[in-house]
Amino acid sequence: MSIRRKLTISYIAMLLIPIISFIVVTFFTGTIFKNRLGNAYNVSLGEAPIENIIEKDSRAIDNIKDYILKNNKDLLKDEFFSEQEKYLNKHTGVIVRKNDEFIYISPSLKNNFTYNLLPQFGKNTNNSKIDFLKQNKFVILKQYDFYMEDESKISIFLVLNTTSSESIFYEFIAVEIGILIAILIITNGMLTFFMSKSIVKPLEKLKNGAVLIKNGNLDFKLSSSENDEIGQLSRVFEEMRFKLKESLELQLQYENNRKELISNISHDLKTPVTAIKAYTEGIRDGIADTPEKMERYVNTIYRKAVDMDRLIDELFLFSKLDLKKIPFNFEKVELSDYLNDCIEELRFDLEKKNINITFVNELKEASYVIADREKLKRVIMNIVENSVKYINKAVGKIDIRINENHEYVYVSFKDNGMGISKKSLQYIFDRFYRADSSRNSNTGGSGLGLAISKKIIEEHGGKIWAESDENSGTDIIFTLKKWRDDCIEKDINS
Ligand SMILES: Nc1ncnc2c1ncn2[C@@H]1O[C@H](COP(=O)(O)OP(=O)(O)O)[C@@H](O)[C@H]1O
Ligand SMILES: [Mg+2]
């Protein structure tokens, strides 16, 4: 899920969760407070609570009414009124007024009650109307007016003291505000926690990774299963780390290769130089004291110098190919004709060494390839030279064969030589690699021939590989791109 989506959902949740949970909690607390209110006033709040109270208090009112009507001469018996309190609801009281004089006031109404706000006799005839004496937190539930025998006007007020309901109400509001704040803190806290966990944690991981890379440590793996922006960033980061590591390793390998190259060159140059030095010393010190000896010494020196010259040439060529500093002159070459020419050139030398060379062309029609004639010749010479060197049979054989697929022509050189061990096969195209471990063996060679051939073939856009059975022979195969009519010589050379 994207971070934007997460944020949106979290904002909606921050709104909805508090609202819904507040409504639910309010429903329960509301019920609790309603019950408390009902208990405080000894009524059930479900159906007409005021009427309920009035109804319950009616006994006291009736008693008072009867009492006043019966005892109109002698009204001042406080004990009677006090007695009636027990029939009244806990929070209701009565006020009895005769003309303008108050003859009884319930003790619960004695404080804070503004008596002159009470309605006049006969004013509050509509009994369903409830008068609020707001400033005093008292409510007149009902006013009962009647005349005594002597025409005195009697008003009995049934008054409800709302103080406790108000305090219950305020308590309810306070509890509600508390609950609301708690719900807001909990939901926001939790959502913030989860959000930060899903955003900050992966960011921290990423930061730690960056610090590791900064300190040169690339051997860790940054995994992320998240699909959001940070997850994507983590994956790109991991890719970057991997590439960086790869390129560092490659650089290290280049560095090692360079060192190895220098050591190989030194070794391979040292051998002929040592020999030349020794033979020259021999001549100088007069060891070559006969003309035959002298001739042998000089010939050896010459041979060693030739070896060195060749090695230096090959090295030079290889390093120029490696640096891609050699221009290739690609052209359209008819392969079969080209190979026949090469074979003719080689045949004389090979026959002298008792090696038969054959050529089988399996192509259906004349096949043109893209090649640099001179460089390709070098490849062929290297391969044939190897075969000659490593043929260990009385009669040598080199079979050249060409076939094709729709894009490439395959050229194969199969000999009946000593073959190459499985172990060595994968290395023979590496520079300086020679399967016969003794570098000074009579076969000679620098170990650069096949490395040069590989570079040249790759520069042609082809591949080169070897197949071999130890003792029965070696097959070196390379591919060349076929010439297509839409190839323009200028294009291939650029
Ligand atoms: N036709 C072959 N038969 C047997 N071994 C071969 C053949 N061609 C190449 N090799 C092995 O591959 C190695 C590398 O060949 P190359 O690069 O031409 O170096 P060099 O010929 O100078 O030794 C050789 O030393 C040899 O061991
Ligand atoms: Mg060779």
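## A walk from the ligand to a domain contact

Let's start at ligand 1: one of its nitrogen atoms sits 2.8 Å from an N or O atom in the side chain of Asp 415. That counts as a polar contact, meaning a pair of N or O atoms within 3.5 Å; within protein, one must be able to donate a hydrogen and the other to accept it, and residues adjacent in sequence count only if both atoms are side-chain atoms. Before going on, bear in mind that this is a predicted model, where local features need pLDDT of at least 70, side-chain atom pairs count only at pLDDT 80 or more, and totals for chains, interfaces and linings use all residues. Residues are numbered from 1 along each chain as its sequence is written, chains are lettered from A and ligands numbered from 1 in the order in which they are written, and side-chain values use heavy atoms, with hydrogens and water left out.

Back to the ligand. In total, 19 residues surround ligand 1, and the closest are Asn 386, Asp 415, Ala 435, Gly 447 and Leu 450 (a residue counts if one of its heavy atoms lies within 4 Å).

Now step back to the whole protein. The domain assignment gives domain 1 (3-41 + 168-203), domain 2 (49-161), domain 3 (229-319) and domain 4 (327-493); such bounds come from an automatic or database assignment.

How do domains 3 and 4 meet? Their C-alpha centres lie 24 Å apart. Domain 3 brings 14 residues to the contact and domain 4 brings 11, with contact meaning heavy atoms within 4.5 Å. About 1,200 Å² is buried between them, and carbon and sulfur atoms give 64% of that (buried area is the accessible area, with a 1.4 Å probe, that two parts lose on being put together, summed over both). In domain 3, Glu 314, Leu 317 and Phe 318 lose the most area to domain 4, together 48% of what that side buries.

Glu 314 turns up again in a salt bridge with Arg 378, the closest N and O atoms being 4.0 Å apart. The rule, a side-chain nitrogen of Lys or Arg within 4 Å of a carboxyl oxygen of Asp or Glu, finds two salt bridges across this interface.
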